[in-house]
Amino acid sequence: MARDIRVKICGLTAAADVSAAVEAGAAYVGFVFFEKSPRNVGLMQARALALGVPPGVAKVALTVDADNATLDALTDQVPLDFLQLHGEESPARVSQIKARYGLPVIKAIGIAEAADLAQIDAYSGVADQLLIDAKPPPGATRPGGNALAFDWGLIAERDWALPWLLAGGLNPDNVALAVARTGARQLDVSSGVEAAPGIKDAGLIRAFIRNAQGA
Ligand SMILES: O=C(O)c1ccccc1N[C@@H]1O[C@H](COP(=O)(O)O)[C@@H](O)[C@H]1O
């Protein structure tokens, strides 16, 4: 039987990839605003992509420790449904951003060991959703999008009051196991549906969502 799993396809840079994600059944599409990422998009590029997203599919902007000037321009130019904060934003900064922009916030938390799970509680009162991702490896040039999974056993049998997404190293081959091990109802993927860093593959997007939903 098909599972009711909501999928976010992140790091979209082309209209054809947005269409592929939407047609495959994505619940969220994500645009990366981080210059060191191969998936980085400019404001006008993101605006054009976001305007092509149909109602019912949430548009998410991913930023990393962005300042107010950057977020002012972003939220002014690009129609958005969520901000995904993927840096070291403190709980106080998350609250400030929520109040200033009036958008729900997804806060990314990097996990490498059990002690990192304490971060989840720290953000539970302020974020609208959590994104539980692998902590970047030493020397990484970006805090996510590294095709790296964490030990799913660390969150097996766990649940939190907030809605949450599982991320980090997911791909069409491991997604069913990830869902079975963690009980995640929402998933986020970027590298695992790419032919090369920053180049999405429509076939992999379709396979990911199909395998995630067990269809
Ligand atoms: O995708 C990026 O380049 C990126 C840059 C900076 C922060 C986060 C980024 N990606 C997010 O990381 C997770 C996991 O990605 P992956 O599936 O392991 O490639 C996901 O939320 C991406 O959107």
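**Figure 1. Asp 65 in the loop between S3 and helix H3.** Asp 65 is found in the loop that joins strand S3 to helix H3 (68-77) of this predicted model. The phi angle of Asp 65 is near 50°, a positive value in a residue other than glycine. Most residues other than glycine have a negative phi. Asp 65 counts as partly exposed because it has 13 C-beta neighbours inside 10 Å, where burial would require 20 or more and exposure 12 or fewer.

**Figure 2. Ala 147 in the loop between S6 and strand S7.** The loop between S6 and strand S7 (164-166) contains Ala 147. Although Ala 147 is not a glycine, its phi is positive, at about 60°. With 15 other C-beta atoms within 10 Å, Ala 147 is partly exposed.

**Figure 3. Helix H2 and its buried residues.** Helix H2 comprises residues 43-51, and Ala 46, Leu 49 and Ala 50 of this helix are buried. Viewed down the axis of H2, these buried residues fall within an arc of 95°, so they line one face of the helix. An α-helix has 3.6 residues a turn, so residues three or four places apart point the same way. The partners against which the buried residues of H2 pack are helix H1 (15-24), S2 and strand S3 (58-63). Met 44 and Leu 51, on the other side of H2, are exposed.

**Figure 4. Phe 31 and the largest nonpolar core.** The largest nonpolar core has 62 residues, of which Ile 9, Ala 21, Val 29, Phe 31, Ile 132 and Leu 187 touch the most other members. When residues up to four places away in sequence are not counted, Phe 31 touches Leu 12, Val 41, Ala 46, Leu 49, Ala 61 and Leu 62. Ala 46 and Leu 49, among these contacts, are also buried residues of helix H2.

**Figure 5. Helix H6 and the residue that follows.** In helix H6, which spans residues 175-182, the buried residues are Val 175, Ala 178, Val 179 and Thr 182. They cover an arc of only 95° around the axis, which puts them on the same side of H6. Strands S7 and S8, together with helix H7 (202-213), are the elements against which the buried residues of H6 pack. Gly 183 follows H6 and has a positive phi, near 75°.

Figure 6. Val 179 has its place in helix H6. This residue is buried, because 21 other C-beta atoms lie within 10 Å and the cut-off for burial is 20 or more. Leaving aside neighbours within four places in sequence, Val 179 is in contact with Arg 3, Ile 5, Ala 184 and Ala 212. Val 179 and Ile 155 are separated by 24 residues in sequence and by 11 Å in space, C-alpha to C-alpha.

**Figure 7. The shell around the ligand.** Of the 28 residues around the ligand, Cys 10, Ser 37, Gly 144, Gly 145 and Ser 191 come nearest. Strand S2 (28-33), strand S6 (129-134) and strand S8 (186-189) each supply at least two residues of this shell. By class, the shell comprises 12 nonpolar, 12 polar and 4 charged residues.

Figure 8. An unreviewed UniProt entry lists residues 7-210 as "domain: N-(5'phosphoribosyl) anthranilate isomerase (PRAI)". Over residues 7-210 the chain is 31% helix and 22% strand. The end C-alpha atoms of this stretch are 10 Å apart.

How values were computed
Residues numbered from 1 in each chain as written. Predicted model: local features only at pLDDT ≥ 70, side-chain atom pairs only at ≥ 80, totals over all residues. Near = placed C-beta within 6 Å. Helix = DSSP H or I, 4+ residues; strand = E, 2+ residues; numbered from the N terminus. Nonpolar A, V, L, I, M, F, W, Y, C, P; charged D, E, K, R; others polar. UniProt positions renumbered as here; feature names shortened; annotations may be inferred. Arc of directions from axis to C-beta. Contact = placed C-beta atoms within 7 Å. Core = buried A, V, L, I, M, F, W, Y, C linked by C-beta atoms within 7 Å.
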